[in-house]
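Colleague: I am new to this structure and would like to learn how to read some of its features. Could you take me through them in turn?

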Amino acid sequence: MIQSIPDSILTTPLAQLLAQGDASGDNIGIFAMIGLGVAFFVFIIVVWFLAARVQRCPPNRVLVVWGSAGKTGRRCYNGGIKVVFPVIQQHGYMSMEPLVIDIPLEGALSLNNIRVNVPSNFTVRIAPDPVLMAAAAENLLGKPPQGIRELAQDIILGQLRLVIATLSIEEINKDREKFESLIRENVTNEINKVGLELINVNIRDITDESGYIRAIGQRAAAEAINQAKVEVAQADRDGATGEAVANRERTVSVAKETAAATEGQKEAERKQRVAVAEFEAQAITGEAESKRDQDIAVAERAAETAAASKRAEQTQRVQVAEAEARSVEGENTSRAQIAEYNAKLAEVRAESLRRSDVAAAQASEAILKAEREQEIARLGKEELAPQEIEKQRIEIAAEAEAEKLRREARGEADATLARYKAEAEGVREVLEAKAEGYRQLMEAAADNPQVAPTLLLIEQLPELVAQQVKAISNLKIDKITVWDNGRGSTVEGKPGAGGATSDFLSGLIGSLPPVHELAKQAGIELPGALGHVAEPKHDPVDERHRPDTPKG
């Protein structure tokens with residue numbers, strides 16, 4: 001191993017010593033002991049340093065650590081152990097022991113402008129509350145007890161004067177509890193601001209310079225004395241009244257007791273005399289009874305002797321009869337027990353028989369039920385099953401027929417619907433064609449708008465004539481007027497051989513006047529190509545000589 005160590009290390013004194021130790025072997029223990037001593041010394045130094053940094057706070061003091069401690073840079077502890085790190089933290093202590101502060105308040109002005117003296121003692125201390133300890137750390141850390149006492153005295157004097165100024169002297173003197181409560185409330189609020197709390201308030205006295213309180217006291221004392229006198233007089237009166245009542249009750253009680261004693265004495269004397277008489281009568285009666293008892297006893301002894309003899313005989317006969325009766329009773333009891341046992345046996349047998357009958361009936365019932373179910377199954381298989389199959393077959397056939405009818409009806413309905421749709425389509429196309437024709441007609445007759453309605457009327461003229469003929473077909477016509485052109489027709493080369501009717505039917509063209517008349521009746525004007533009907537000329541002479549035309 002030594003050969004692997006660099007040469008620079010081997011040249012150090014320690015290496016030389018090690019080398020020498022190796023050489024000597026005895027120096028190794030010495031160096032080990034020295035090393036252990038140095039390590040122990042270092043350990044002791046570290047422990048002492050840490051122990052010096054640990055602060056043990058007693059319960060009657062407040063440890064304040066500032067520096068890198070919390071957000072506010074300070075922390076307060078009451079009791080416990082805390083480690084204060086060097087360089088970055090420092091610490092201090094504040095005492096929490098109570099401080100008694102003497103308040104020699106004199107000449108404080110009350111509400112009714114009367115100066116009063118209120119000497120008192122207040123006991124305060126640093127509060128253990130964390131907030132109040134923080135306030136005390138800000139205001140009282142490092143202050144001596146006398147400085148804290150003077151600060152608290154100033155605060156208490158100010159608040160005490162303030163409280164006295166809000167009360168009248170009567171309230172201060174009479175309602176001490178309210179006065180002390182107000183003092184506690186005001187003083188506590190103020191001294192809490194510097195981290196102190198109020199422990200006790202001791203108001204020693206309340207006086208005033210004008211003697212008002214003394215006068216109030218004297219008046220109260222006089223009232224108390226008068227009240228005491230009244231109470232003494234009332235007590236004397238109650239005592240005298242009680243004494244008289246007690247005397248009366250004593251006299252009545254004594255009289256009652258005396259009467260009762262006399263009555264008791266007389267009653268005792270009466271009882272004594274009655275008892276003596278009773279004793280004498282009892283003595284005489286006793287003597288007579290003794291004589292009679294003696295005679296009776298003699299007779300009784302004789303009777304008893306005879307009776308004893310008879311009783312002995314009777315007893316003998318009774319015992320014999322009882323023995324016989326017990327024998328008979330035993331025999332009867334045995335017979336009764338035998339009969340009872342026989343009855344129980346019969347009951348058991350009857351019960352067993354009944355159970356066997358019930359079991360047999362139940363078995364028969366089960367057999368009948370099984371046979372019934374078997375019969376029902378057989379009927380279901382042989383009779384009901386075919387009927388059920390026939391029923392289902394009929395239902396299926398009926399359902400198929402109904403479905404067939406429904407489908408045929410649906411087909412007929414579809415065919416009807418298709419036919420109506422086709423007819424509607426045809427009508428629609430006809431109407432569209434007519435509309436197109438009308439449109440073209442209107443375009444063609446754009447120069448003469450009256451032509452279009454006339455042509456449309458001519459188109460509908462056969463229908464109108466047919467409707468007119470239909471309208472008059474059922475009418476009774478008395479006369480038919482036929483217009484003729486006055487020329488006879490030629491039949492087989494002979495002029496005028498045809499009648500007027502045949503000429504009318506064959507020469508429709510020649511019947512234009514009626515057409516014009518009809519158009520006139522319809523309120524339309526025929527085209528000029530159809531000609532015009534000339535208006536007849538009226539000759540007054542001819543009218544006068546014209547025979548009257550018969551009117552039909």
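Modeller: We will look at a sheet, then at charges over rings, and finally at one residue in a strand.
This is a predicted model, in which local features need pLDDT of at least 70 and side-chain atom pairs count only at pLDDT 80 or more, while totals for chains, interfaces and linings use all residues. Residues are numbered from 1 along each chain as its sequence is written, and side-chain values use heavy atoms, with hydrogens and water left out.

Colleague: In what order do the strands of the open sheet lie?

Modeller: Strands of a sheet pair through backbone hydrogen bonds, either parallel or antiparallel. Strands here are DSSP runs of E with at least two residues, helices are runs of H or I with at least four, and both are numbered from the N terminus; two strands pair if DSSP finds at least two bridges between them. The open sheet has 3 strands in the order E3-E2-E5, with antiparallel pairing. Strands E3 (74–77) and E5 (89–95) each have a single partner strand, so one side of each is left without a neighbour in the sheet. Strand E2 (residues 61–67) is joined to E3 by 4 bridges, and Val-64 has Cys-76 in E3 as its bridge partner.

Colleague: Which charged end sits over the ring of Tyr-93?

Modeller: A charge counts as over a ring if NZ of Lys or CZ of Arg is within 6 Å of the ring centre and within 35 degrees of the ring normal. The charged end of Arg-61 sits over Tyr-93, 4.2 Å from the ring centre, and Arg-419 lies over the face of Tyr-420, at 5.4 Å.

Colleague: Is Ser-120 buried or exposed?

Modeller: Buried means under 20% relative accessible area, exposed over 50%, and partly exposed in between, with a 1.4 Å probe and protein chains only. Ser-120, in strand E7 (residues 115–126), is buried, with a relative accessible area of 1%.
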